[in-house]
Amino acid sequence: MKLSVFGCGYLGAVHAAAMASLGHEVVGIDPDATKIAKLSAGQTPFFEPGLPEILASSLGSGRLTFTTDPAAAAGADVHFIGVGTPQRRDGAGADMTYVNQAVADLLPHLRPGALVVGKSTVPVGTAARLAATVAPTGARLAWNPEFLREGFAIKDTIEPDRLVYGVAPDTKDEDTAILDAVYAAAIGAGTPRIVTDYATAELVKVAANSFLATKISFINAMAEIAEVTGADVTQLADAIGHDARIGRRFLNAGVGFGGGCLPKDIRAFTARAEELGRGESVAFLKQVDEINLRRRQHVVDLVVSSFGGQVFGHRVAVLGLAFKPDSDDIRDSPALDVAVRLKGLGAEVISHDPEAMDNARRMHPQLAYADTVDAALDGAEAVVVVTEWKQYRQLDPRETAAKVARPVIFDGRNVLDPAAWRAEGWTYTGMGR
Ligand code: UGA
C-alpha cells in the first residue's frame, strides 16, 4: 500500500521505517528540514536500537522516502498522523498545535476514499472533531493508538501486542479492511484486534498509560512506607507480583517515571476529564504525579544528608541522564532532574550517560559531562545511579571503590546487589529497601 506518515519523531520515524520494511511504499513528512535530511541519509535523529538497520534497508529498497513537502502525501491511500502532543506551556492539557497543523497540511492533498489514521495520543473527542474537518474532501478518519515503548519501538511496531481501531460506525467494515491490509503481517500472526468507536480508541491509550503510571507510583508509595519501617520494597514487589492478577512488571520502585509519554499523558487526561466535568474520576492521577515527583527529591535529600546536610562543593557522580535505558530521551527525565537539583544546591555534579549526554548538554550546559564512566567516578564523594543502563548494573564494587574518594552509593533504580557493594566497604542506599 502507499502510505504517508506525518511527523518523523520517535513515533513517526519508527512507524515509517517499520511499515516500509513490511513492504509498503512510505513517505515520511516533517517540517523539520534537518531531521528530514538526516533520515534521508539513513541517520537516525535519536537513539533507538534497531532503527538504523531498518532505516538503511528500507531506504535501500526504495520504498521509504522523507520530505518536508506535504504534497508528497497526495498519492497515498492511508495517511498516518504521528506528531507529538506535548504538555501545553500554560497548563496541564495537551498541546494540539502539531496535530492540527499536520491535518491542515494534509487537507489539500486528500482525495475521496483515502483514510487518515491518527496515531498520536490525544484528548478524547479529537478524532470526532478531525473527522468533521476531513469529511468535505471525501476522505475518512480512523484512530489507531500506538503503544510502542522507546527502546523496543521496532518490535512493538512490527509485532504489537494488540491493535486498536477507532472507526466511524457507518464505514466500519471498509476502514477495518484498510487497516487490516496495512497491518496484514501482525493480523496474520494472530495479533488481537479491537475495532471500536473513536472515543474508546482514544481513551484506551490514555487509560493504558495512566494504569502503568499508577502501578509505578503505587510501588513507589510502598517504597516510602518501607523507608520508615525498614521493609524491603523489592521483596514486597516480588511477593505481590507472584499474584498473576497483580504481576511483577512495572513494579520497580526508584526515582519514578519520566519520558515524553507517561507524565504528560496523566496530566492531559486529568485536564480533559475536568473539561468533561468528570475531574473527580481521575483525581487520583494528581497523587500519582505527586508521588512520582517526590521520588526525585527523595534521592536528592538522601545525597545531601550523607554530607551532613550540605552538598555544596562536594563532587557527586550522577550515572544516567536518559529517562530509561536504551534511549537518549531526556524529556521529563527523573535522572536529569536529580542531576540538575543537586547542581542547583551547589554540588559539583559530574554526569554520564551512554547516549543522552548530547541532548542533556544542549538543555543543561551548566552540568559537567564525563566522556567515560571512569571519568565520572574519579574522585567522586557520592555515586548516584539514576538510569539502569547495563554498564552501570554491571559495575564492579571493588574496582569502583578504587576510583572514588568516598565509597557512598545511591541506587536510584534498585538494580545493584546491596550485599555485594556493602561487602566492599560501600555505604549502599537503595530506594525503599
Ligand atoms: C510508555 C508506554 O509504556 C508505552 O506503552 C506507550 O506507547 C508510550 O509510553 C507512549 O505513550 O508512547 P515509554 O515512555 O517508552 O512507553 O517508557 P516506559 O517503558 O513505559 O517507561 C516509562 C518510565 O517509567 C521510565 O522512566 C521508566 O524508568 C519508569 N519505570 C518503568 C519505573 O520507574 N518503574 C517500572 O517498574 C517501570
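Let me begin with a term: a polar contact is a pair of N or O atoms within 3.5 Å; within protein, one must be able to donate a hydrogen and the other to accept it, and residues adjacent in sequence count only if both atoms are side-chain atoms. Hold on to that, and hello everyone!

What you see is a predicted model, where local features need pLDDT of at least 70 and side-chain atom pairs count only at pLDDT 80 or more, while totals for chains, interfaces and linings use all residues. Residues are numbered from 1 along each chain as its sequence is written, and side-chain values use heavy atoms, with hydrogens and water left out.

Let's start with Asp 329. It sits in the loop between strand E9 (315-319) and helix H13 (334-344); helices (H or I, at least four residues) and strands (E, at least two) are DSSP runs, numbered from the N terminus. Is Asp 329 buried or exposed? Buried, because its relative accessible area is 2%, and buried means under 20%, exposed over 50%, and partly exposed in between (1.4 Å probe, protein chains only). Its side chain makes a polar contact with the side chain of Arg 331, at 2.8 Å. Leaving aside neighbours within four places in sequence, Asp 329 is in contact (heavy atoms within 4.5 Å) with Tyr 10, Glu 150, Gly 260, Ala 322 and Phe 323.

Two of those names come back at the ligand. Of the 21 residues around the ligand, Phe 147, Leu 148, Glu 150, Asn 209 and Phe 323 come nearest; to count as near, a residue needs a heavy atom within 4 Å. An oxygen atom of the ligand is 2.7 Å from a polar backbone atom of Glu 150. For Phe 323, a polar backbone atom is 2.8 Å from a ligand oxygen.

Which helix gives the most to the shell around the ligand? That is H9, with four residues. The shell also draws at least three residues from each of domain 1 (2-196) and domain 2 (211-430), with bounds from an automatic or database domain assignment.

Last stop: backbone angles. Most residues other than glycine have a negative phi. Asp 332, in the loop between E9 and H13, has a positive phi near 50 degrees. With 29% relative accessibility, Asp 332 counts as partly exposed. Phe 250 also has a positive phi, near 65 degrees, and lies in the loop between helix H10 (233-241) and H11.
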